[in-house]
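Please look at the structure first.

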Amino acid sequence: MATDTQANGPNRIISMVLVAPSLLMIALLFLYPLGFSVVSAFAESGSWGLANFYKAYQFYSRDILFTIVIVLISTALVGLFAIAIGGYLTLGENPRAVAILRWLYRWPLFIPFIVSAQLMRTFLAKNGMMNNVLIELGLLDQLQSVSFLDWRGIVVTFVWKQTPFVALLVAGAMAALDRTTIEAARNLGASRLRILIEIIIPQIATTLMVGLILTYVVIMSVLSVPLMINAQSPTMLTVDMAFRINSYGDYGVANALGIISYLITGIVAWFYLRQGLDNGGSPK
Amino acid sequence: MKYLTIPLALAGAISLNVQVTAAETILNVASGGSENMVQYVTDYLGPMFEKQNPGVKVRVIGTGPGDAGTQKIIEKLEAQKNAGKETWDIDVAVGNQQKTAELVNMGLLKSYRAKISTGSLATRDTSKMALGVNVDGYVMPMFHSQTAIAYNSDLVATPPGSYDELRAWALKNPKAFGYNGIKNGMSGVSFVVGWMYAYAGDAAKLQNGPYDENTKGNWDGALSNLKAFNENITFTPGNAGTLDMLNRGEIAMGPVWVDMFYSWQADGRIPPNLKLKLISPGMPGQPYYYSIPAKAANSDLAMKFIELATSPKVQAEGIVNRFNWYPGIDAMHVEKSLDPMVWKKLFTDVTPDELAANGKPFPIAPYFSDIKEAYELKVSN
């Protein structure tokens, strides 16, 4: 049978050869540097130890906590908005509003992080565009205006930038649902909110989780946004890593911070893989 | 140029072929500075050099500002050295003090100053020592730059003249002073270094050494005062961020680079009512250096390039007049080639006497790292 010849014989060698280039790329460009940074994090003048980690904790404990909090808040908000957008696209009754939303919501997807950060820098500043518009409209007094260029600015930028990505996945999954369950619930008189929460979300939960995990990992790795928006301390770990290297040429502590970020993302990666295995196959 | 030479070469004339090879000599200039330093070479110095040396093309690589920019040059050269390359592909490196000193210590640079005709025009201490490291012979200063406090003269009638007065002013005007911390550009670092010169005791030792690692034990008072000061001010996102916030009226005062300040004012990006004050006991400034990697592929051409760049005429027209930097070579050589009006413009807010009294160098490298680490440990975490 066809499957037998694919599993054994010469085809197996061919498939190995076909996989080799990408495997080699991963080994060279990811595994080798990863090993290198792990070694450098634990090495200290000739011997092994945790000095770099101790220093990372001593100097940046607040930043580690800050990073975790920012990433969690941002991811949660991204999930909320993505569900709201996906839900309206699926259940919305005004076709014109649905069409406009469908056209609009993807835009931030095509804007790089650094450009979003620059946009927000002028938009969220104390005398920036947002506050000026609010003052012009008489909704805000000049003296009350505050700058959002701190942790709130980071969260706003991340949510604005990442929501379309998750919304795209979620809306796709919602559109693919069997509509009979929705119609049945509607016939029995369920409100749209209830349909969304009790019928739709449970069915697309896997897709939502995957989108959120990818968002979480992406946010952990962004340097430009905290660097451009938040000059204060505490700040995010990526900024500290860049500073350790650029200012002190200190790769040891920078790599220790890197490993701490690996651990923070490693936890969700573990959930991601486990979810896939529970579903009886490779992770989606 | 390329489009013209290719068909000509195809015509097969040997003499033309020679011309083609000559046209392909590329002088690689790596600039570890801000955007304006890259523009200086692409828009001004590069075309001038290409005109004087037919067949040479100047290619500039901007590696970004601050320590990070020059760090990239170090990494590139070190990698080429470790790979055992015979020639390296950076011909001229433009770097800041701390990292250029590291390049010298690592043996990655060539001693060239004695071999160029303009070598004797730079006699300031900065052309011999960089943050406590002897760089004599390896560098020519491209320009000198200085930090100072910019303030909105509509809101602040009499600007503070010292760190003490500044602290009192900031206490009375909460959130009206702004700076960018130490992770976001050198103007903030300068403000912190100036603070340490004022309050950490023995500023001369920080600037000249000798290094004693126990010194940092005496800084707790200065640092806890700085932490208290930070409670009452606004943090800005970067060197440009401070100028942006001054422009939008969100802060009334903050540390800036003098050259950036004048350039932005000339472009209309900040209003004319912003003025500068170099407060006592002083704030740091720094030169940027031209250097030549030890195995630069075109080192003779590189020397010619630096010779042009540090000639009095170019220093006057390019560095002072167009880009508002203080000259790299000694001022007396430059002043002669310059319209007195232009010279005066450079010293409108900060007079030459103030500059001499309050323009300080950055600390020697080990103290500099200690100050930044102490700030991270005791002020921000």
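Q: In what order do the elements of chain A run from the N terminus on?
A: In this predicted model, chain A has twelve helices and two strands. Read from the N terminus on, the order of its elements is α-α-β-β-α-α-α-α-α-α-α-α-α-α.

Q: What is the radius of gyration of chain A, and how does the globule rule bear on it?
A: The C-alpha trace of chain A spans about 75 × 70 × 25 Å along its principal axes. For 284 residues the globule rule gives 19 Å. Chain A is well over that value, so it is more spread out than a compact globule, with a radius of gyration of 24 Å.

Q: What share of the residues in chain A is buried?
A: A residue counts as buried if 20 or more other C-beta atoms lie within 10 Å of its own. Among the 284 residues in chain A, the buried share is 32%.

Q: Which residue just after helix 11 of chain A takes a positive phi?
A: Helix 11 of chain A comprises residues 237-248. Just after this helix, a positive phi of about 60° is taken by A:Gly249.

Q: Which helix of chain B gives the most to the side of chain B that touches chain A?
A: The contact takes 22 residues from chain B and 24 residues from chain A. On the chain B side, the elements that give two or more residues are helix 4 (66-82) and helix 17 (365-380). By class, that side divides into four nonpolar, twelve polar and six charged residues. With five residues, the element that gives the most is helix 17 of chain B.

Q: What radius of gyration does chain B have, and why does it agree with a compact globule?
A: Chain B has 17 helices and 13 strands, and its C-alpha atoms fill a box of roughly 80 × 45 × 35 Å along the principal axes. Of its 381 residues, 51% count as buried. A compact globule with 381 residues would have a radius of gyration near 21 Å, which agrees with the chain B value of 22 Å.

Q: How far apart do the C-alpha centres of domain 1 and domain 2 of chain B lie?
A: The domain assignment of chain B gives domain 1 as 2-144 + 286-346 and domain 2 as 146-285 + 354-380. The contact between them takes 14 residues from domain 1 and 14 residues from domain 2. Helix 5 (residues 97-105) gives the most to the domain 1 side, with three residues. The C-alpha centres of the two domains lie apart by 30 Å.

Notes
Residues numbered from 1 in each chain as written. Chains lettered and ligands numbered in written order. Predicted model: local features only at pLDDT ≥ 70, side-chain atom pairs only at ≥ 80, totals over all residues. Domains from an automatic or database assignment. Contact = placed C-beta atoms within 7 Å. Helix = DSSP H or I, 4+ residues; strand = E, 2+ residues; numbered from the N terminus. Rg over C-alpha atoms; globule rule 2.2 N^0.38 Å. Buried ≥ 20, exposed ≤ 12 C-beta atoms within 10 Å, placed from the backbone. Nonpolar A, V, L, I, M, F, W, Y, C, P; charged D, E, K, R; others polar. Expected span 1.5 Å × (residues − 1).
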